Amino acid sequence: MERKRILIAVKIAQQIQELRNALISKGYEVKVVDNGSAALALCRDFLPHVMLAEVELPKIDGHHLFREIKSQTSTQNIPFILLSKHRSVEERVHSMNMGVDDYINMPFDINEMLLRFEIILKEIDRFEATATGVSKGFAGKLVDMNVLEVIQALHIGKKSGIIKIQHEAKEGLIFLKDGEVIDATLEQLEASNAVFRMIIWAEGSFRVEIRKIEQPRAFNKLTQEIIKEGLIFRDRWEQLRRALPPLLAPIKLGPNVARQNFNAEEKEILSKIDEHSRLLDLVERSRSNDLKALQVAAGLFTRGAIVEKPAEEVRQNGASKENSGNLNDPTHLSNLIVNFIEKKTEPAKNGFTDRRHGERRQIERRLRGRRWSDLKTQKNHLYLNKSELLIIREKLSDNIANGKGGDDQHGMLF
Amino acid sequence: MRIGEIAIFSPGLETNRKFVEAVCDEVVLETESLVFGRVQINNQLVLHLYGLKLSDNQPNPSWDLVSKKLLGYVVLFNWNQNESLVAVKPFVDALTARYDIPLIVVATLQNGQHSIPEQIVNVDFGLAKQNQFTFCKLSDPASIKKVLISLIDQVISDYQ
């Protein structure tokens with residue numbers, strides 16, 4: 001049986017001597033280098049099953065090393081674990097957003113590290129065992145080949161596989177079986193809306209994995225129809241977009257909005273406008289499909305019910321935020337705390353505002369800095385998207401409903 | 001392959017094992033401080049459960065992280081053992097004081113009976129509204145699955 005190979009890149013090799021010995025005694029083949037450049041060179045020849053690298057490496061740092069390894073076809077599938085002495089949430093989030101497979105703080109616990117290796121390697125084995133159909137694939141940028149063209153290529157070749165599309169922090173999946181699109185996921189969107197949203201993405205990258213696909217069909221349409229509709233969808237989207245301010249421009253309600261009558265769709269769009277809205281937000285938040293929502297928004301824009309925020313106003317808002325206080329200033333910090341305590345006596349505006357019992361805990365958290373909810377503003381804070389969470393939920397619920405869950409007659413759960 | 005992870009903490013490994021075994025298709029790995037199990041959701045999606053034993057000195061901080069795949073925490077204690085509650089309370093305090101990570105505190109019961117309102121325990125822990133307190137019966141997989149569903153609901157609510 002092939003020995004699993006592990007490549008470790010750390011600035012001071014002695015620091016991981018114990019780990020190295022433990023890995024060797026577990027039967028792994030381990031190579032250790034002390035800089036990023038050597039790690040990159042060795043990685044191509046050694047082709048490790050797992051790569052462990054410190055962030056602070058000489059020559060090429062851990063982040064760059066990760067990018068280099070992931071950018072090369074021969075090494076892009078090697079699981080990458082980052083090791084860092086920094087404990088800041090920002091550093092972690094940054095690394096996670098880059099797509100590292102795991103992130104471990106130094107000093108680490110040897111047993112935990114061994115366990116993490118073991119889990120990753122078992123996962124690879126299992127994945128390889130189940131995905132025997134995986135043979136090849138290709139990748140590229142959307143600017144060179146858009147989503148419709150990728151679908152078309154697979155459709156013509158009657159291929160089965162998954163198209164993984166990345167745009168900013170979002171990742172969408174399109175599943176094809178024998179050249180037919182059978183399902184798609186993107187955040188909480190249902191299959192058809194997910195595909196059409198991805199069709200309008202002009203920037204980002206895609207990766208195609210040719211493999212056997214077993215999941216059930218979620219699309220009623222033939223792929224030819226999807227491609228045809230997609231082309232029309234994209235053309236109309238572009239036409240509308242050209243007649244509007246940039247989709248990322250801040251907008252607000254127009255001055256004469258109160259004197260106008262609106263239908264239900266228009267009211268829905270208008271109700272989504274808040275202080276920080278952009279046109280794209282309205283489209284994405286709408287219950288209608290993206291094109292319909294953009295059409296409605298365009299109509300509202302033409303009627304003056306929505307207007308672009310003047311640059312001056314945007315600057316002022318930005319400035320007021322920037323000048324809202326320096327966290328290092330003790331006076332400002334005390335004011336924040338006093339404001340916070342006063343706010344607590346007001347009724348909660350929504351479920352999120354009344355989150356925690358006890359002022360002490362709230363203040364402590366504010367003093368300590370970032371909260372999990374703050375991380376939501378960071379891109380891709382959660383690895384799984386909403387549809388995947390719903391699938392997990394459904395699977396767990398199914399087991400209960402089908403009686404696989406055992407007795408549930410005591411009614412203990414609230 | 002897409003993976004979601006849930007960390008389950010309790011003072012006793014046996015409790016963790018029962019919890020993980022009740023839900024997982026297979027218990028992949030078991031050591032003196034960890035039970036690791038996997039639930040295959042579909043071809044593309046897997047749920048990993050890490051049953052971790054709480055030590056006197058708090059768990060290894062590396063587990064207490066905003067992990068890429070970590071959905072949230074389940075903290076278990078034995079309703080009938082005061083020392084079990086005492087053991088988990090500082091851990092829950094430490095977790096809730098740091099982040100709003102989805103968390104569910106679970107009192108395990110042997111016979112499924114209890115008479116104390118959840119609010120009393122909830123106040124004692126100082127839990128946020130979304131960090132639920134609940135009871136469950138370790139011998140009943142449905143009850144355990146409901147705990148996980150509640151946790152997933154918390155995560156989903158963060159998307160609203």
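With 18 C-beta neighbours inside 10 Å, A:Ile210 counts as partly exposed; a residue is buried if 20 or more other C-beta atoms lie within 10 Å of its own, exposed if 12 or fewer, and partly exposed in between, with C-beta atoms placed from the backbone. This is a predicted model, in which local features need pLDDT of at least 70 and side-chain atom pairs count only at pLDDT 80 or more, while totals for chains, interfaces and linings use all residues. Residues are numbered from 1 along each chain as its sequence is written, and chains are lettered from A and ligands numbered from 1 in the order in which they are written.

A:Ile210 is found in strand β10 of chain A; helices (H or I, at least four residues) and strands (E, at least two) are DSSP runs, numbered from the N terminus. From A:Ile210 to A:Lys159 is 51 residues in sequence and 7.0 Å in space, C-alpha to C-alpha.

Let us turn to helix α6 of chain A, residues 147-156. Its buried residues are A:Val147, A:Leu148, A:Val150, A:Ile151, A:Leu154 and A:His155. Seen down the axis of α6(A), these fall within an arc of 160° (taken from the directions from the helix axis to the C-beta atoms), so they line one face of the helix. After α6(A) comes A:Lys158, with a positive phi near 50°.

Now for chain B. In strand β5 (residues 70-78), nine of the nine residues are buried. Strand β1 (residues 2-10) of chain B pairs with β5(B) in the parallel sense over five bridges, where pairing requires at least two DSSP bridges between two strands. Here B:Ile8 stands opposite B:Val74 in β5(B). β5(B) also pairs with strand β6 (residues 103-109) of chain B, in the parallel sense over six bridges.
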